[in-house]
Amino acid sequence: MLQQTQVKTVVPFFNKFTKKFRTLNDLSKSSEKEILKMWEGLGYYRRARNLLACSKLLIQNYNSILPRSIIEIKKLPGVGDYTANALLGLVYNEPRIALDGNVKRVFSRNLNIEENKINFDKFIKKNKKQLFVTRRNDDFVEALMEFGALICKPKDPNCLTCCLKKTCKYFKSSKKIKNIRNKMIKNKNYDIFCYINKKKQIALTKSNQISFLKNFNLPEIKENKRSFKNQNWIFLKKYKNSISNLKLNINLYYKFSDKIPRAYSWYSLKNNREFVPSFTKKIFRQVLTLF
Ligand code: SF4
């Protein structure tokens, strides 16, 4: 839940989730529909799907026990190097470092070398004697991440009160490195077509192939390369939406109709039994300006 999401946003979702699913077994018996409904509003829904798939796999193939081998852990859906190392450290107290953005920055500053010039795997292997000096490896994994988030922050690190300042090359250097993270932003243009009715409902379907929202409830959506002209649809407005590193330029069209294609069902902005992603809720808010 915490990937790309702040703690304060996650807390109510985490509490609700762990109250409902008390054991791995409870989670594995849930359905994708149910789990997505609980995740509604948290975004990055692939995490929810992966979590459910992980619970099923752990029960079926691993006797409900997290594997100890990094190769096996990385076979679980959505688990890469970072999560695998974090799990081995936190669950099995193995000497591991979970290299997220915060931890990379801490190392980079201590060495006063830009992140993209460091081979972190090599560095950790070479310095493991100096790095892993505690038996509390689980706390060490957590502490490093917290240290990066709270002390050696991206902007304005707390150097004056930092316990590493005596050895930190960034602090001592007159030529401090700059770590600039360039997020690759992609621009895409989409046309969205909404069937709407007098009850302020929009017809949605799960049969769409839009990669970032595949199989979610959406109106008809098409990537557009040229300007669209079709007299059956009325242009409502242009607006922008961002999803992860995608910047979407959207042209929204609508038509009032009681008849809708077979794969569609009517939905309202609130109180749907099925999960509706924030992306679709934003479409609702634009359409509701018509009423
Ligand atoms: S002294 Fe400053 S730059 Fe160095 S580790 Fe501490 S907070 Fe980070």
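Colleague: How many helices and strands are there in the protein?
Modeller: The model is a predicted one. Its secondary structure holds six strands. The helices in the protein number twelve.

Colleague: What does the C-alpha trace span along its principal axes, and what share of the residues is buried?
Modeller: Along the principal axes, the C-alpha trace of the protein spans about 70 × 50 × 30 Å. Of contacts between residues at least 6 apart in sequence, 61% join residues at least 24 apart. The protein has 291 residues, and the buried share is 20%.

Colleague: Which domains does the assignment give, and how far apart do their C-alpha centres lie?
Modeller: The domain assignment gives domain 1 (7–92) and domain 2 (188–290). Between the C-alpha centres of domain 1 and domain 2 the separation is 30 Å.

Colleague: How many residues of domain 1 are in contact with domain 2, and how do they divide by class?
Modeller: Seven residues of domain 1 are in contact with four residues of domain 2. On the side of domain 1 that touches domain 2, two residues are nonpolar, two are polar and three are charged.

Colleague: What distance separates the C-alpha atoms of Ile70 and Asn116?
Modeller: Ile70 and Asn116 are 46 residues apart along the chain. The separation of their C-alpha atoms is 25 Å.

Colleague: Which residues come nearest to the ligand, and which element gives the most to the shell around it?
Modeller: There are 14 residues around the ligand, and Cys152, Pro157, Cys159, Cys162 and Cys168 come nearest. Two elements give two or more residues to this shell, helix 7 (101–111) and helix 11 (169–172). By class, the shell has ten nonpolar, two polar and two charged residues. With three residues, the element that gives the most is helix 7.

Colleague: Which helices do the buried residues of helix 7 pack against?
Modeller: The buried residues of helix 7 are Val103, Arg105, Val106, Phe107, Ser108 and Arg109. Just after helix 7, Asn112 takes a positive phi of about 55°. The helices that the buried residues of helix 7 pack against are helix 8 (120–126), helix 10 (137–150) and helix 11.

Colleague: In which sense does strand 5 pair with strand 1, and in which sense with strand 4?
Modeller: Strand 1 (residues 186–196) and strand 5 (residues 246–256) are joined over eleven bridges. One of the residue pairs is Tyr190 with its bridge partner Ile250 in strand 5. Strand 4 (residues 234–243) is joined to strand 5 over nine bridges. With strand 1 the sense is parallel, and with strand 4 it is antiparallel.

Colleague: Which residue in the turn between strand 4 and strand 5 has a positive phi?
Modeller: Strand 4 and strand 5 form a hairpin, with two residues between them. Ile243 has Leu246 as its bridge partner in strand 5. In the turn, the residue with a positive phi, of about 55°, is Ser244.

Note on methods:
Residues numbered from 1 in each chain as written. Predicted model: local features only at pLDDT ≥ 70, side-chain atom pairs only at ≥ 80, totals over all residues. Near = placed C-beta within 6 Å. Helix = DSSP H or I, 4+ residues; strand = E, 2+ residues; numbered from the N terminus. Nonpolar A, V, L, I, M, F, W, Y, C, P; charged D, E, K, R; others polar. Buried ≥ 20, exposed ≤ 12 C-beta atoms within 10 Å, placed from the backbone. Contact = placed C-beta atoms within 7 Å. Pairing = 2+ DSSP bridges. Domains from an automatic or database assignment.
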